[in-house]
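Here are some exercises to work through with the structure open beside you. Try each task before you read its solution.

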Amino acid sequence: MVMGAVASAVPLAAGATALLDPLRRHTGASDMVLVTRLSAVPTDGAPQKFTVTADRTDAWATYADTPIGAVYLRRTGDDVVALNTVCPHAGCFVGLAPDRSRFACPCHKSSFDLDGVVNDPASPSPRDMDVLETEVRNGDEVWVRFQHFLPGREDKTPV
Amino acid sequence: MSELLNWLDDRTGYRGLLKGALYEHIPGGARWRYIWGSTLTFAMFVQFVTGIVLWAAYSANAQGAWESVYFIQNQMVGGWVLRGIHHYMAQATIVLLLLHLMQVMIDGAYKAPREVNFWFGLGLLGLVLGLSLTGYLLPWDQKGFWATKVATSIASMTPVVGPAMQQLLVGGSEYGHHTLTRFFALHAGVLPAGVVALIVGHVYLFRRHGVKAPKDHADKPAGMFWPDQVLKDGVASLIVMATVLGIVLWTGGAHLGAPADPTEPYSAARPEWYFLFLFQWLKYFPAGWEVVGAQVIPGLAFGLIAAMPIIGKWRLGHRLNMGIGTALLAGIVMLTWVAKVEDGSDPDFVAAQIEAEAAAHRAAELAASPRGIPAAGGLAMLRADPFTQGPRIFAASCASCHRFEGHDGLGSVPEEEPTASDLAGFGSRAWLEGLLDAERIVSLEYFGGTAHDRGRMARFVTRGLAQLDDAERVDLAKVVLAVSAEAGLPYQAESDEAEAQVIEEGRALISSEAINCTRCHTFGDMIGDDDVPVLTGWGSREWMLGILHDPSAPQYYGEDNDGMPLFGVDEILTEVQMGLVVDWLRRDWYSEDGNQ
């Protein structure tokens with residue numbers, strides 16, 4: 001009985017160890033990524049979607065310079081605000097309302113103003129859209145720290 | 001033969017087993033209402049058969065999943081029927097499970113001594129829902145990808161263990177290869193094994209307790225499982241199979257959307273219809289109550305159903321259970337209905353569905369093209385497609401000034417008036433004819449919104465060309481053909497070739513006295529002014545890439561450039577993006593019916 005249990009523990013432990021591998025792979029702090037040029041961001045303050053391109057390792061494959069996600073960039077003067085397009089509620093892709101006056105999530109109807117702030121009390125999103133750290137380098141390069149945060153909670157916890 | 005069977009029975013005792021299985025007494029006789037269990041077993045059998053064959057053709061990785069499902073669906077003989085049966089039988093299973101559960105409730109068959117079997121049944125319901133959820137992601141199309149993201153997001157909301165759970169499920173912090181390998185291991189390994197184990201236990205316990213015959217049937221003669229009930233079960237299974245096959249043939253099989261793309265919005269994301277009530281439910285929970293809405297209340301409801309055997313012990317317990325069951329069912333039906341109505345009356349959602357359908361169609365069209373799906377996968381294929389990407393780039397980077405047939409390339413019309421020409425058909429004869437029309441050149445369609453509306457070209461068209469006599473007008477038409485031929489538009493290639501003679505005449509007339517384009521424009525070896533767009537290769541791919549790269553170069557608008565960004569010089573667009581938008585404007589993309 002004991003011997004059987006010990007013997008069975010080996011494959012179970014080996015399996016569990018390998019299965020838990022993703023927990024070990026914390027991406028941690030992500031690097032800043034060059035997203036676009038300042039001149040490509042509309043000057044009228046209208047948010048525009050930009051695809052974020054960077055190197056990405058997905059399990060066994062490493063992709064050089066591949067689209068990894070998207071951000072909304074909004075320009076005020078020489079400052080740029082970056083919002084993650086992922087809805088903080090349940091992870092859908094937040095879109096711009098057809099009249100471009102606000103952000104609207106197509107899934108559970110979360111609504112945000114153009115600064116990404118929840119603007120409807122009935123909005124199910126627990127927090128505003130995730131603002132990402134940005135930096136303008138060399139005068140016109142827009143760099144963004146592209147990262148995701150856990151959905152469905154009030155605090156911004158990096159994934 | 002009988003000798004052989006005798007030998008087999010001696011070694012295995014199969015006859016006893018068979019007898020036990022088939023000659024089961026059914027108190028009160030065989031009845032139609034006992035068919036649900038058997039039809040469900042049959043449905044599971046269908047899922048195992050079709051699932052294993054699908055498995056033999058499926059590849060669980062982010063660059064192979066959509067591609068292999070496309071192949072099954074469109075290339076393999078009978079693949080669409082196979083996948084269609086698997087897809088719709090999964091939905092039939094949910095319906096049958098619900099009917100089975102309702103029948104068990106109504107008959108009070110969940111009460112002692114059948115409590116454990118009731119729980120086994122609920123366990124099976126959970127496993128089947130798990131199979132549906134994991135199966136939805138496997139094609140790795142936009143629909144499954146975004147719907148499943150919501151599901152794993154909900155998992156991550158679980159207090160304490162949520163984030164770890166999500167990471168284990170997803171196989172990392174983001175969706176990728178290991179999300180598919182893990183979902184597939186669940187879908188084709190863990191969950192089916194659980195289903196088999198629970199079905200064995202379920203049937204064993206069922207045989208132990210027998211059917212729950214209603215009291216008024218107690219005096220009826222007992223029936224036999226074989227052949228009485230088996231006949232009814234067989235008929236019912238046949239009806240289920242025929243229905244599913246009918247739906248498959250009617251609908252053309254299961255749908256396959258465009259390849260999953262985390263960088264593109266997908267506004268038509270919805271779960272399968274039997275999860276719609278949960279989707280709708282989640283809308284009603286304000287900030288901070290997500291866990292309550294997504295986990296606690298559904299969990300309590302499930303717990304309440306599981307507690308029915310215990311509640312049923314009370315004097316009015318059965319009635320209470322029926323009340324609970326009815327209320328839950330009514331709630332689910334209502335939420336599903338509200339979700340459907342809300343979506344149906346939401347123009348944005350309807351538009352998103354049409355867009356999703358168009359993308360799915362385009363992906364299939366490209367995959368079926370002679371070049372097929374590249375090794376980099378279906379998503380890479382779509383990203384390199386001018387027809388798909390051109391309008392998006394145009395809307396983002398061009399439509400703040402230009403228009404395309406009056407809209408922004410994607411169909412919406414910006415509020416502001418255009419400050420540059422409408423580029424639909426740029427380079428074509430029709431576009432040029434419009435430019436050379438005295439009224440149209442100064443309209444918003446061409447130079448109306450620009451500084452060029454009072455420029456030399458506008459003046460020449462409104463005054464000079466207006467004075468042409470009939471013979472000169474004929475010449476002008478030839479010049480239009482000649483200049484437009486410079487663009488080398490694929491959709492004009494036939495006419496250009498057929499009228500090569502006229503085009504040749506037109507080329508000579510470009511510098512004729514009345515028309516005299518070359519007074520300002522450069523054409524061939526006739527050198528015009530700087531800061532005036534050259535007509536050599538006007539509208540060609542190279543010419544358009546050049547003006548995008550640097551419109552303020554002397555061979556384009558030079559110092560007269562009216563606010564057009566230097567897309568290449570300032571690195572606003574990449575070479576690839578510029579190529580895509582140019583190819584789109586030139587309608588230079590693959591299409592199954594030649595081109596347009």
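**Exercise 1: Chain A as a whole**

Buried residues make up 36% of the 159 residues in chain A. Keep in mind that this is a predicted model.

Task: Find out how many helices and strands chain A has, and describe the overall dimensions of the chain.

Solution: 
- Step 1. Start by counting: the secondary structure of chain A comes to two helices and 10 strands.
- Step 2. Now follow the order from the N terminus, which reads α-α-β-β-β-β-β-β-β-β-β-β.
- Step 3. Next, look at the extent of the chain: the C-alpha trace spans about 75 × 40 × 25 Å along its principal axes.
- Step 4. Compare with a reference: chain A has a radius of gyration of 20 Å, while a compact globule of 159 residues would have one near 15 Å.
- Step 5. Finally, turn to contacts: among those in chain A with a separation of 6 or more, 47% are between residues 24 or more positions apart.

**Exercise 2: Confidence in chain A**

Task: Which element of chain A has the lowest mean pLDDT, and which the highest?

Solution: 
- Step 1. Then go element by element: α2(A) has the lowest mean, 89, and strand β8 (residues 131–132) of chain A has the highest, 96.

**Exercise 3: Where the chains meet**

Task: How many residues of chain A are in contact with chain B, and which elements of chain A give two or more of them?

Solution: 
- Step 1. Count both sides: 39 residues of chain A are in contact with 41 residues of chain B.
- Step 2. Locate the elements on the side of chain A: α2 (21–24), β2 (48–58) and β3 (61–76) give two or more residues each.
- Step 3. Sort that side of chain A by class, and you get 22 nonpolar, 10 polar and seven charged residues.

**Exercise 4: A covered helix**

Task: How many residues of helix α4 in chain B are buried, and what do they pack against?

Solution: 
- Step 1. Count along helix α4 (residues 65–74) of chain B: eight of its 10 residues are buried.
- Step 2. Name some of them; B:W66, B:V69, B:Y70 and B:I72 are among the buried residues.
- Step 3. Look at the surroundings: the buried residues of α4(B) pack against α3 (35–55), α5, α9 (177–209), α15 (347–367) and α16 (378–383) of chain B.

**Exercise 5: Backbone angles**

Task: Are A:A59 and B:R587 buried or partly exposed? Also find where cis peptide bonds occur in chain B.

Solution: 
- Step 1. Know the background: most residues other than glycine have a negative phi, and most peptide bonds are trans.
- Step 2. Take A:A59, in the loop between β2 and β3 of chain A. Its phi is positive, near 50°. A:A59 counts as partly exposed because it has 17 C-beta neighbours inside 10 Å.
- Step 3. Take B:R587, in the segment after α24 (575–585) of chain B. Phi of B:R587 is also positive, near 50°. With 20 C-beta neighbours inside 10 Å, B:R587 counts as buried, because the cut-off for buried is 20 or more.
- Step 4. Check the peptide bonds: a cis bond joins B:A112 and B:P113, with omega about 5°. B:P113 sits in the loop between α5 and α6 (115–137) of chain B.
- Step 5. Another cis bond joins B:W226 and B:P227, with omega about 0°. B:P227 is found in helix α10 (residues 225–251) of chain B.

Conventions. Residues are numbered from 1 along each chain as its sequence is written. Chains are lettered from A and ligands numbered from 1 in the order in which they are written. This is a predicted model: local features need pLDDT of at least 70, side-chain atom pairs count only at pLDDT 80 or more; totals for chains, interfaces and linings use all residues. Two residues are in contact if their C-beta atoms, placed from the backbone, lie within 7 Å. Helices (H or I, at least four residues) and strands (E, at least two) are DSSP runs, numbered from the N terminus. Ala, Val, Leu, Ile, Met, Phe, Trp, Tyr, Cys and Pro count as nonpolar, Asp, Glu, Lys and Arg as charged, and the others, Gly among them, as polar. A residue is buried if 20 or more other C-beta atoms lie within 10 Å of its own, exposed if 12 or fewer, and partly exposed in between; C-beta atoms are placed from the backbone. pLDDT is the predictor's confidence in each residue, from 0 to 100. The radius of gyration is taken over C-alpha atoms; the globule rule is 2.2 Å times the number of residues to the power 0.38.
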